[in-house]
Amino acid sequence: RRGDVRVGAIIVDHGLQEDSAAVAAQTAQTLTDLGLHPVITEKVQVPVGNMGPEMAARTARYTAFTKAVEATGARAVLLGHTLDDQAETVLLGLSRGSGTRSLAGMPPVRVEEGVTYLRPFLGLRRTDMLDICDAETLTPWIDPTNADETLMRARIRHSVLPYLEEHLGGDVARSLARTASVAGPDAEYLDEQAQAAYKQALLPTGTAVRGIEREDAVLLDRAQVAALHPALRLRVLATACKTAGGENPGFERLQALDSFTAGYAVAGPVQMPGHVSAYRRRKIVHPATGERLDVLVLVPTRP
């Protein structure tokens, strides 16, 4: 309303509900009446595969966000997550035995695939948002899947968090959100240090390794990686897996790769999620220095 920013909207129709097109059209009209421009409606196909339904929908949604930013030149995408969403995300991470990154929840600022995402409402409760909608005479759309307790997040929202609030006392949601705000900077710093360590340990593309023909293989100086602090080493190994075309490894697979890197495990290969195999090779000549190294090799096994 102050006129110092230009605001548009991207409405993503996942096509997962019978009346989703009508809801998207009504939302577009509401936003246009509010003065937003441009207002883009994007219908997406939610992929069916190894991902769960929530992750599959997120993948389709963020692809649409990226497309909209490229089309409009927008500086950022604002997302409406609240403090309650943050608390649910932290509790979901705890239930899965995840590390610092999951405990950090959703960051207020994140750059993903070149797009800047901002979450300006992480300090507001869901009830605050409903009050704001009421004050602005806006009728929010209540997604019926939010009540579907076959989905883990809905179960946490309607059953787990209320139970914890009742039996632990205090404002559990706010405490979980505070945990995220404390863990977030720690996770960000460790991620930055791990990226630097990964780049330092990475061997040049095309380094000759016996039995490895693929140019998209990831080669790391095994001794450098093994000498890292575990907080960095596990992040470096996870980065290598993803760079080789795999998925973010879970705890057990990452621990297996860590033992393999240290030289304590069997000869390998170690299979990582997303069709990536890890090998150890000895006395590989570094193409720049001529030094002979032990190398950890991660090779995509998809064609």
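Reader: What share of the contacts in the protein with a separation of 6 or more comes from residues 24 or more positions apart?

Author: In this predicted model, residues 24 or more positions apart account for 60% of those contacts. The protein has 10 helices and 9 strands, and along its principal axes the C-alpha trace spans about 70 × 50 × 40 Å. Of the 303 residues, 36% are buried.

Reader: How do you know that the length of helix 1 agrees with its number of residues?

Author: Helix 1 covers residues 20–33, which is 14 residues. The expected span is 1.5 Å times one less than the number of residues, and for helix 1 this comes to 20 Å. The end C-alpha atoms are 20 Å apart, so the two values agree. Just after this helix, Gly35 takes a positive phi of about 100°.

Reader: Which residues of helix 1 are buried, and what puts them on the same side?

Author: The buried residues are Ser20, Val23, Ala24, Ala28 and Leu31. Around the axis they cover an arc of only 135°, and therefore they lie on the same side of helix 1. In general, an α-helix has 3.6 residues a turn, so residues three or four places apart point the same way. The buried residues of helix 1 pack against strand 1 (9–13) and strand 2 (39–43). On the other side of the helix, Ala22, Gln26 and Asp33 are exposed; the word requires a relative accessible area over 50%.

Reader: Why are strand 3 and strand 4 said to stand at the edges?

Author: Three strands form an open sheet in the order 3-5-4, with mixed pairing. Strand 3 (77–78) and strand 4 (109–112) each have a single partner strand, so one side of each is left without a neighbour in the sheet. Helix 2 (residues 53–72) lies across strand 3, strand 4 and strand 5, and runs at about 115° to strand 5.

Reader: What makes strand 4 and strand 5 a pair?

Author: At least two bridges are needed for two strands to pair. Strand 4 and strand 5 (residues 115–118) have 4 bridges, in the antiparallel sense, so they count as a pair. Within this pairing, Val111 stands opposite Thr116 in strand 5.

Reader: What is the order of the strands in the sheet of 4 strands, and which are its edge strands?

Author: That open sheet has the order 6-9-8-7, and its pairing is antiparallel. Strand 6 and strand 7 are the edge strands, as each pairs on one side only. From one strand to the next the twist averages 35°. Helix 9 lies across strand 6, strand 7, strand 8 and strand 9, at about 160° to strand 6.

Reader: How do you know that strand 6 and strand 9 are joined?

Author: The two strands run antiparallel and share 4 bridges; the cut-off for pairing is at least two, so strand 6 and strand 9 pair. In strand 9, Leu298 is the bridge partner of Val218, and Leu296 is that of Leu220.

Reader: Why is Asp221 called buried?

Author: The relative accessible area of Asp221 is 9%. The cut-off for buried is under 20%, so Asp221 qualifies. The residue is in strand 6, where Leu219 and Asp221 point one way while Val218 and Leu220 point the other. All of these are buried. Leaving out residues up to four places away in sequence, Asp221 touches Ala201, Leu203, Leu293 and Asp294.

Reader: Which residues have the most contacts inside the largest nonpolar core, and which element gives the largest share of this core?

Author: The largest nonpolar core has 24 residues, and Val218, Leu220, Val236, Leu257, Leu296 and Leu298 have the most contacts inside it. Elements giving two or more residues include helix 7 (172–201), helix 10 (251–262) and strand 8 (276–285). Helix 9 gives the largest share, 6 residues. A second, separate core of 13 residues includes Val46, Ala56, Tyr62 and Val69.

Reader: With which residues is Leu296 in contact, leaving aside its neighbours within four places in sequence?

Author: Among them are Val218, Leu220, Leu237, Leu257, Phe260 and Tyr279. A contact requires heavy atoms within 4.5 Å. The contacts of Leu296 also include Arg222 and Thr261.

Conventions. Residues are numbered from 1 along each chain as its sequence is written. This is a predicted model: local features need pLDDT of at least 70, side-chain atom pairs count only at pLDDT 80 or more; totals for chains, interfaces and linings use all residues. Side-chain values use heavy atoms; hydrogens and water are left out. Axes are lines fitted to C-alpha atoms, for helices over the stretch in contact, and angles run from 0 to 180 degrees between N-to-C directions. Buried means under 20% relative accessible area, exposed over 50%, partly exposed in between (1.4 Å probe, protein chains only). The arc is that of the directions from the helix axis to the C-beta atoms. A nonpolar core is a set of buried Ala, Val, Leu, Ile, Met, Phe, Trp, Tyr and Cys residues joined through side-chain atoms within 4.5 Å.
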